[in-house]
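Here are my notes on the structure, as numbered points. Please read them with the coordinates open.

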Amino acid sequence: MSVTEGGAPIRVKQQLPLQRRGTWLQDLGDWWTFLILILLVIIFSITAPGFATGQNFVSTTVSASNTVILAIAETFVIITGGIDLSVGAILGLSGIVGATVMQNMMVHGDMPALILGVLAGLGTGIVAGAVNGFVISFMEITPFIATLGMLGIGTGLTYLVSNGTDIVNIPPELSTFGDAVLFNFLGIPALLALVLLLLAWFFLTKTRFGKYTYAIGSNAEGTRRSGVNVKAHLFKIYTLSGLLSGFAGVLIVARLATGSPLEGTNDELNAIASVVIGGASLFGGRGTLFGSTVGALVISVLVSGLVIMGVQPYWQQVTIGVIIILAVYVDQRRYRNRVLK
Amino acid sequence: MPNGVSSPYVLQAQGISKNYGKIQALAAVDFAIGAGEVVGLVGDNGAGKSTLIKVLSGAIMPDAGELQLKGENVRLKSPADARRRGIETVYQDLSLAPHLTIADNLFLGREMFHSNFSRMFGVLNRKHMMERAQQILDELHVTVRSMKSSIAELSGGQRQAVAVARAVLWGDSMIILDEPTNHLGVEEVEMVLNLIRRVRERGIPVVFISHTLPHVLEVTDRIEVMFLGRKVKSLITKDTTLDEVIAYITGSRVA
């Protein structure tokens, strides 16, 4: 309906943009993906013998830590309204660079090799992320294209550095650390992912850095007008994403005692899927670390359960694909009557 | 005041000119506004309204002319520079972030911290910002369900009110409102106009730009009419009529 007054059209409508229809799905709020996770765990516990064991808990949470860390990186990026397609490639490159440095430094002793290798791996992640940030913020290339470029560069460099072969000569202390399990249930990679998660949660929800992350995804131009240096912030976001990917890369080397050029391949898909299942909007401004973590766990539990049930591995990818589409469909229905996309 | 010269105006612009190539967007325009004054700036598209506003808000530098703020000669080099001097502009397409809360928006780019230590890590003092936000909305008689509501949950009028409140919170020299009543329902227009009256009571000058002339006539003290880059007429609102304003805007009447 529209009325006209003084020549200018005035819309009279939408006094209550947030009026909920009260469907059960909406009342569940952000908890519905969490319920799906619980449901998956229950179903696999019944149907897959060997799923509900302490050993499988450790191995599932340890392998989930990889997806969780990449999902943290992707959450920050997606909340700004961007995307990082290169997290998997940066993970792979950082792991290979770290492992190569360790292999070459072993002659100087295990500890120097370990420390330099870890620093080299993390440094690779930071540099690759900073290049993404520079290309996006200062060359003004869209995140999709910029990080697609980095996906190619990272993957190519990974094979160039490793000659396409595994690097196995790394300090044994690192894999002892990566394999350690605390109190029989908490693997070190899972513990580190948890610590990163808490840190990231603090920065995303309690600090100016987190607030600007949401603000830019919500209204980048308005945020800029409010005096925020949007370009500098995006540069930091992609650098952070690179650092986290690098951390995940080094962690995999520690876990497997091997630097493999295959690591990280297609990991960006699981990271993005986790964030999307977790309720973030690819338009920016909306997303939580809790949701992304639940998303990452849904994927990991699904993979673990299907493997134990002896389902052909290719079905995992099909199932994850279906879940992504379902998650976004449900999310769209929940937000149909809302103003925010 | 420098040199003992006391100007009755908070902001005074003299002989402002701006050319874009061969097009003269502003030709020696004078503009002045005093404390507690609401001045309407009207004119057809291309009359130079928005160019003048860009000069006053620091978005562009004029080719010629002088600006005096509180009796002091100033050059507004950027919007940030203008904001530092207490000139706030509320743009037509709102600068608010719809996903953020009201308080987060009021303090966007001007966050408060617990201490210097918490500032180092950027840890926000949301409680303090929330209280301050509530205070300013109360003073302006703007009612919202909750300070924790996101902007997206507000009606168009409430959003505009929050945008104006943010300007009031930081603009201690002057506030520029660009089409603040566009796309609003009748009641909401009334709410925004009342809000402008309250800002006037606080003694802050308000420049009101609008195509909707009845709103301009309702809330302003003075109306400056622009036509083809020149200021053609200055009208006292209570002594003029809609027809007279339109006549100057369309150029059918020349001063």
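This is a predicted model: local features need pLDDT of at least 70, side-chain atom pairs count only at pLDDT 80 or more; totals for chains, interfaces and linings use all residues.

1. Chain A first. Its secondary structure comes to 14 helices and four strands. Chain A has 341 residues, and buried residues make up 50% of them. Take the contacts in chain A with a separation of 6 or more: residues 24 or more positions apart account for 78% of these.

2. The surface of chain A. A nonpolar surface patch covers about 660 Å². Its members are A:Phe134, A:Phe138, A:Met139, A:Ile141, A:Phe144, A:Ile145 and A:Leu148. Which element gives the largest share of the nonpolar patch? Helix 6 of chain A (residues 143-162) does, with three residues. A:Ile145 sits in helix 6 of chain A. The relative accessible area of A:Ile145 is 47%, so this residue is classed as partly exposed.

3. A contact between the chains. A:Asn219 occupies the loop between helix 9 (208-218) and helix 10 (220-225) of chain A. Is A:Asn219 buried or exposed? A:Asn219 counts as buried, because its relative accessibility is 17% and the cut-off for buried is under 20%. The side chain of A:Asn219 reaches across to chain B, where the backbone oxygen of B:Leu96 lies at 2.8 Å. Sequence neighbours within four places aside, A:Asn219 is in contact with B:Leu94, B:Ser95, B:Leu96, B:Ala97 and B:Pro98.

4. Salt bridge in helix 10 of chain A. Over all chains, a search of the whole structure finds 17 salt bridges. One joins the side chains of A:Glu221 and A:Arg225, at 3.5 Å from N to O. Both residues lie in helix 10 of chain A. They are four residues apart, about one turn of the helix. A:Glu221 is partly exposed, with a relative accessible area of 36%. A:Arg225 is buried, at 19%.

5. Salt bridge between B:Glu88 and B:Arg110. These side chains meet at 2.8 Å, N to O. B:Glu88 belongs to strand 6 (residues 87-90) of chain B, while B:Arg110 lies in the loop between helix 3 (102-106) and helix 4 (116-120) of chain B; the pair therefore ties together parts that are 22 residues apart in sequence. B:Glu88 is buried, with a relative accessible area of 6%. B:Arg110 counts as partly exposed, at 22% relative accessibility.

6. A salt-bridge network in chain B. The side chains of B:Lys231 and B:Glu224 form a salt bridge at 3.2 Å, N to O. Which residues do shared partners join into one network? The network holds B:Glu37, B:Arg222, B:Glu224 and B:Lys231. Within it, B:Glu224 is buried, at 1% relative accessibility. B:Lys231 is partly exposed, with a relative accessible area of 29%.

7. Helix 6 of chain B. This helix runs over residues 156-170, which is 15 residues. At 1.5 Å a residue, helix 6 of chain B should span 21 Å. Its end C-alpha atoms are 22 Å apart, which agrees. Of the 15 residues, 13 are buried, so helix 6 of chain B is largely enclosed by the rest of the structure.

8. Backbone points to check. Most residues other than glycine have a negative phi. B:Lys70 is not a glycine, yet its phi is positive, at about 50 degrees. B:Lys70 is in the loop between strand 4 (64-69) and strand 5 (72-74) of chain B. B:Lys70 is partly exposed, with a relative accessible area of 42%. B:His183 also has a positive phi, near 60 degrees. B:His183 is found in the loop between strand 7 (174-178) and helix 7 (186-201) of chain B. At 55% relative accessibility, B:His183 counts as exposed, because the cut-off for exposed is over 50%.

Methods:
Residues are numbered from 1 along each chain as its sequence is written. Chains are lettered from A and ligands numbered from 1 in the order in which they are written. Side-chain values use heavy atoms; hydrogens and water are left out. Helices (H or I, at least four residues) and strands (E, at least two) are DSSP runs, numbered from the N terminus. Buried means under 20% relative accessible area, exposed over 50%, partly exposed in between (1.4 Å probe, protein chains only). A polar contact is a pair of N or O atoms within 3.5 Å; within protein, one must be able to donate a hydrogen and the other to accept it, and residues adjacent in sequence count only if both atoms are side-chain atoms. Contact means heavy atoms within 4.5 Å. The expected span of a helix is 1.5 Å times one less than its number of residues. Patches are made of residues with over 30% relative accessible area and no salt bridge: like charges are joined within 9 Å, nonpolar side chains (Val, Leu, Ile, Met, Phe, Trp, Tyr) within 5 Å. Accessible areas come from the Shrake-Rupley method with a 1.4 Å probe; for residues, only the protein chains shown count as cover. A salt bridge is a side-chain nitrogen of Lys or Arg within 4 Å of a carboxyl oxygen of Asp or Glu.
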